[in-house]
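Student: Could we go through this protein chain together, a few questions at a time?

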Amino acid sequence: MKATTRPKRQRLLGTNAKTLKSRKTGALVASHQLSPAKESVPFGGVHMCPEASQGCTAGCLKNAGMNVMPTHLSARVRRTLYWLRQPDQYHTQLNKELGAHKRKAGRLGLEPWARPNTLSDQPELAIRCCEENTDMEFYDYTKRLKWWIKNLHRKPDNYFLVLSRSESNHNRWLELMNTGEWVGAVVFDGPMPSTWHGFPVVDGTTDDSVWLSPPGTIRGLKLIGTNAAKQAARESGFAIITN
């Protein structure tokens with residue numbers, strides 16, 4: 001695959017099956033997908049999910065649905081290199097698309113939301129999106145717990161953050177969840193439990209409207225991907241087996 005720094009006629013925002021489900025909750029969600037983990041590294045990129053564990057990498061959404069197609073991989077890499085090498089130009093285009101998204105949401109009578117790090121985990125990207133678009137809301141899932149606790153003062157008011165649990169951050173994740181101030185996310189393999197570690201579990205597969213979940217609850221997610229990816233996620237402890 002030949003990757004360039006700036007994609008021609010390539011949109012930066014899109015949707016996916018899960019974000020589309022949020023329409024029934026009154027929200028129009030835009031999905032922004034850059035390369036996850038080390039996907040862009042062979043083409044001159046960087047590790048986009050510094051805290052990704054082995055299991056997280058195996059269970060990544062890039063291994064599910066249309067994301068596995070070479071054309072989708074190529075598009076993610078091109079966007080990533082564009083953002084890394086020409087951030088100001090990138091955000092100018094991104095803000096224009098976010099503006100169009102807001103206008104579309106208004107026409108449909110829906111609330112505009114966007115997920116800056118649908119596959120990546122880059123706080124600076126999300127913060128800039130929020131600060132340059134204060135008239136709409138953003139959200140992400142993150143495993144960068146240490147970064148956010150250290151920089152919590154920088155978290156914009158229009159940014160809803162969900163703490164994702166993995167086999168490598170379990171203890172720190174549990175500590176933060178026990179404060180009762182956060183919404184968490186856990187991947188389950190098998191029937192969705194009603195509680196886990198004492199926290200109520202809500203089905204996070206019905207929509208992506210994470211902001212509707214009260215602090216102290218878990219968004220339960222299902223293990224997806226290829227058979228090999230699922231097995232790796234199970235064996236690492238990333239996915240919690242419930243059957």
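Predicted model: local features only at pLDDT ≥ 70, side-chain atom pairs only at ≥ 80, totals over all residues.

Student: Which residues of helix H5 are buried?

Tutor: Buried means under 20% relative accessible area, exposed over 50%, and partly exposed in between, with a 1.4 Å probe and protein chains only. Helices (H or I, at least four residues) and strands (E, at least two) are DSSP runs, numbered from the N terminus. An α-helix has 3.6 residues a turn, so residues three or four places apart point the same way. In H5, which spans residues 123–132, the buried ones are Pro123, Leu125, Ala126, Ile127, Cys129 and Cys130.

Student: What covers the buried residues of H5?

Tutor: Contact here means heavy atoms within 4.5 Å. Among the helices in the cover are H3 (70–85), H4 (87–108) and H6 (145–150). The cover also includes the strands S2 (27–32), S4 (137–142) and S5 (159–164).

Student: How many disulfides does a search of the whole structure find?

Tutor: A disulfide is a covalent bond between the sulfur atoms of two cysteines. The search takes a pair of cysteine sulfur atoms within 2.5 Å as a disulfide. Over the whole structure, the number found is 0.

Student: Which cysteine sulfur is nearest to that of Cys129, and how far away is it?

Tutor: Cys129 is buried, because its relative accessibility is 2%. It takes part in no disulfide. Its nearest cysteine sulfur belongs to Cys130, at 6.8 Å.

Student: How are the rings of Trp173 and Phe199 arranged?

Tutor: A pair of aromatic rings is described by the distance of the centres and the angle of the planes. Rings of Phe, Tyr and Trp (its six-membered ring) pair if their centres lie within 6.5 Å; planes under 30 degrees apart count as stacked, over 60 as edge-to-face and the rest as tilted. The centres of Trp173 and Phe199 are 6.3 Å apart and their planes stand at 80 degrees, so this pair is edge-to-face.

Student: How many residues apart are Trp173 and Phe199?

Tutor: Trp173 belongs to helix H7 (residues 170–177) and Phe199 to strand S8 (residues 199–203). Trp173 is buried at 0% relative accessibility, and Phe199 is buried too, at 8%. The pair links distant parts of the chain, with a separation of 26 residues.

Student: Which residues do ring pairs link into a cluster?

Tutor: Phe188 and Trp196 also form an edge-to-face pair, 6.1 Å centre to centre with 80 degrees between the planes. Both Phe188 and Trp196 are buried. The cluster linked by ring pairs is made up of Trp173, Phe188, Trp196 and Phe199.

Student: Is Ser40 buried or exposed?

Tutor: Ser40 sits in the loop between S2 and helix H2 (54–58). Leaving aside neighbours within four places in sequence, its contacts are Ser35, Gly45, Val46, Met48, Val77 and Thr80. Because its relative accessible area is 0%, Ser40 is buried.

Student: What does Ser164 contact, beyond its neighbours within four places in sequence?

Tutor: Ser164 lies in strand S5. With a relative accessible area of 7%, this serine is buried. Its contacts are Tyr141, Thr142, Lys143, Asn169, Trp173 and Ala185.

Student: What is phi of Ala37 near?

Tutor: Most residues other than glycine have a negative phi, and most peptide bonds are trans. Ala37 lies in the loop between S2 and H2 and is buried, at 10% relative accessibility. Its phi is positive, near 45 degrees.

Student: Is His197 buried or partly exposed?

Tutor: His197 is in the loop between strand S7 (195–196) and S8. Its phi is also a positive value in a residue other than glycine, near 55 degrees. Because its relative accessibility is 46%, His197 counts as partly exposed.

Notes: Residues numbered from 1 in each chain as written. Heavy atoms only, no water.
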